[in-house]
Amino acid sequence: MDWTELSIMTTSEAVEAVANILMAYGATGVSIEDAKDFEKLKPGRYGDHGEIVDPKDLTHIRQGAIVSAYYPNNQHIDDQADQIATRVRGLAKFDLNPGPAEVHLTPVVNQDWQTAWEKYYHPVSISRFITIVPSWEDYQPKSTQEKIVRLDPGMAFGTGTHPTTRLSLQALEMVMQGGESILDVGTGSGVLSIAAKLMGAGEIHAYDVDDIAVESAEKNIQLNPGAKGIRVAANDLLAGIHTQADIVVANILAEIIVPLVPQAWDNLVPGGFFLTSGIIKDKFETVENAMTSQGFQIIETLRMKDWYGVIAQKPKDEDK
Ligand SMILES: C[S@@+](CC[C@H](N)C(=O)[O-])C[C@H]1O[C@@H](n2cnc3c(N)ncnc32)[C@H](O)[C@@H]1O
């Protein structure tokens, strides 16, 4: 697949908001180069091939921040570039300095994408129990309870750093007790399935509409011996899937969650959980309405920055 990189020059304070805008336009990944991040780097493994590099020698921006997102060419993001720049400039209304908010569009070859992640991606502690570690980093768990998810996200979404992935992982931690069967819809790098397996899940089926994600999830499962047995396949949401799982988890944009709601209902056991994330604030009500109209009970709403996650439950037969 061919991609376009859309980059916006902004300020450190606005990076999260700009990233959210780019995700709302359907980016499947965002990378942030923030001058402030480089101030904190110590000499270590930052080279493209893991070589030891002094951060002083890295070429990087000295002020402000650049947020870059990647869009498949068939999405014609160039037609929406002016709109995106206007929304970024509009952040001033929320007391965020948008900076120059200039948009640059560049065609991307697959290799460049890979390198972008590798430069700025380091171990991330998601919760007390889960740490996501890039496959090329040496990392020792700090306690016997810490579960390490090794990932090489490549071109698939899901480094663990995005608030929507964190919300999904937190929701899994909240409902899982061990042994659950899980359907992971929009698996991306496979991060949620791998973490769920390490947390003691039973059978897991992971689906993604993008073949690159399927390939990446399969590779990442191989990197984690404790995650053996997860089945990955290309599929559009849960179309054609007829099973009875304990949990359906989906970190996908709100527009895509809405058609998933009836499919999740059909594929869940009574009492099963539907965990969703990827819902931007102003779309939350739409998703909530779709779930409650279907019959789901909203158990908990999770929030991180402008993103929402929902823990919903299909009522048990005796609750009907
Ligand atoms: C935001 S990413 C989530 C990745 C990962 N699960 C995580 O939590 O970090 C959404 C994923 O959903 C996939 N996706 C989008 N539309 C889909 C559809 N209709 N059916 C299946 N997967 C879809 C995308 O390819 C992408 O990998």
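1. Helix H8 lies across S10, S13 and strand S14 (268-280). Relative to S14, H8 runs at about 180 degrees. The model is predicted, and every point below should be read with that in mind.

2. H8 also has a helical partner. Two packed helices are described by the angle between their axes and the distance between the axes. For helix H8 (residues 254-266) and helix H9 (residues 284-294), the axes come within 9 Å and cross at roughly 10 degrees. Angles under 35 degrees count as roughly parallel, so H8 is roughly parallel to H9.

3. Which residues make the contact of H8 with H9? On the H8 side they are Ala 254, Ile 257, Val 258, Val 261, Pro 262 and Trp 265. On the H9 side they are Thr 286, Val 287, Ala 290, Met 291 and Gln 294. By class, the contact of H8 with H9 holds 9 nonpolar residues, 2 polar and no charged.

4. Strands of a sheet pair through backbone hydrogen bonds, either parallel or antiparallel. Here 7 strands form an open sheet, ordered S12-S11-S10-S13-S14-S16-S15, and the pairing is mixed. Strand S12 (231-234) and strand S15 (297-304) are the edge strands, and each pairs on one side only. From one strand to the next, the twist averages 15 degrees.

5. Within that sheet, look at strand S10 (residues 182-185) and strand S13 (residues 245-251). The two run parallel and are joined by 4 bridges. Val 185 has Ala 250 in S13 as its bridge partner.

6. The record supplies some positions to check. The UniProt annotation "binding site", from an unreviewed entry, covers Thr 165, Gly 186, Asp 208 and Asn 251. Thr 165 is found in helix H5 (residues 163-175), while Asp 208 lies in strand S11 (residues 204-208).

7. Are Thr 165 and Asp 208 buried or exposed? The cut-off for buried is 20 or more other C-beta atoms within 10 Å. Thr 165 has 25 other C-beta atoms within 10 Å, so it is buried. Asp 208 has 27 within 10 Å, so it is buried too.

8. What does Asp 208 touch, leaving out residues up to four places away in sequence? The list is Gly 186, Thr 187, Gly 188, Ala 213, Val 214, Ala 217 and Ala 234.

9. Ala 213, another contact of Asp 208, lies in helix H7 (residues 211-223). Ala 213 counts as buried because it has 26 C-beta neighbours inside 10 Å. Ala 213 and Ala 233 are 20 residues apart in sequence. In space, C-alpha to C-alpha, they are 9.6 Å apart.

10. Helix H1 (residues 15-24) has 7 of its 10 residues buried, so it is largely enclosed by the rest of the structure. The buried residues are Val 15, Val 18, Ala 19, Asn 20, Ile 21, Leu 22 and Met 23. They pack against strand S1 (3-10), strand S2 (30-34), strand S5 (65-72), helix H3 (81-89) and S14. Just after H1, Gly 26 takes a positive phi of about 95 degrees.

11. S5, one of the elements packed against H1, is itself mostly covered, with 7 of its 8 residues buried. S5 pairs with S1 in the antiparallel sense over 8 bridges. There, Glu 5 stands opposite Tyr 70 in S5. S5 also runs antiparallel to S2, through 5 bridges. Ser 31 stands opposite Ser 68 in S5.

12. An open sheet of 3 strands, in the order S7-S8-S9, has mixed pairing. Its edge strands, each pairing on one side only, are strand S7 (124-125) and strand S9 (147-151). S7 and strand S8 (residues 130-134) pair antiparallel over 2 bridges, and Ser 125 has Thr 131 in S8 as its bridge partner. Helix H6 (residues 191-198) lies across S8 and S9, at about 150 degrees to S9.

13. Overall figures, to close. The protein has 9 helices and 16 strands. Of its 320 residues, 41% count as buried. Among contacts between residues at least 6 apart in sequence, 68% join residues at least 24 apart.

Definitions and conventions. Residues numbered from 1 in each chain as written. Predicted model: local features only at pLDDT ≥ 70, side-chain atom pairs only at ≥ 80, totals over all residues. Buried ≥ 20, exposed ≤ 12 C-beta atoms within 10 Å, placed from the backbone. Contact = placed C-beta atoms within 7 Å. Axes fitted to C-alpha atoms, helices over the stretch in contact; angles between N-to-C directions. Parallel < 35°, antiparallel > 145°, perpendicular 65-115°, else oblique. Nonpolar A, V, L, I, M, F, W, Y, C, P; charged D, E, K, R; others polar. UniProt positions renumbered as here; feature names shortened; annotations may be inferred. Pairing = 2+ DSSP bridges.
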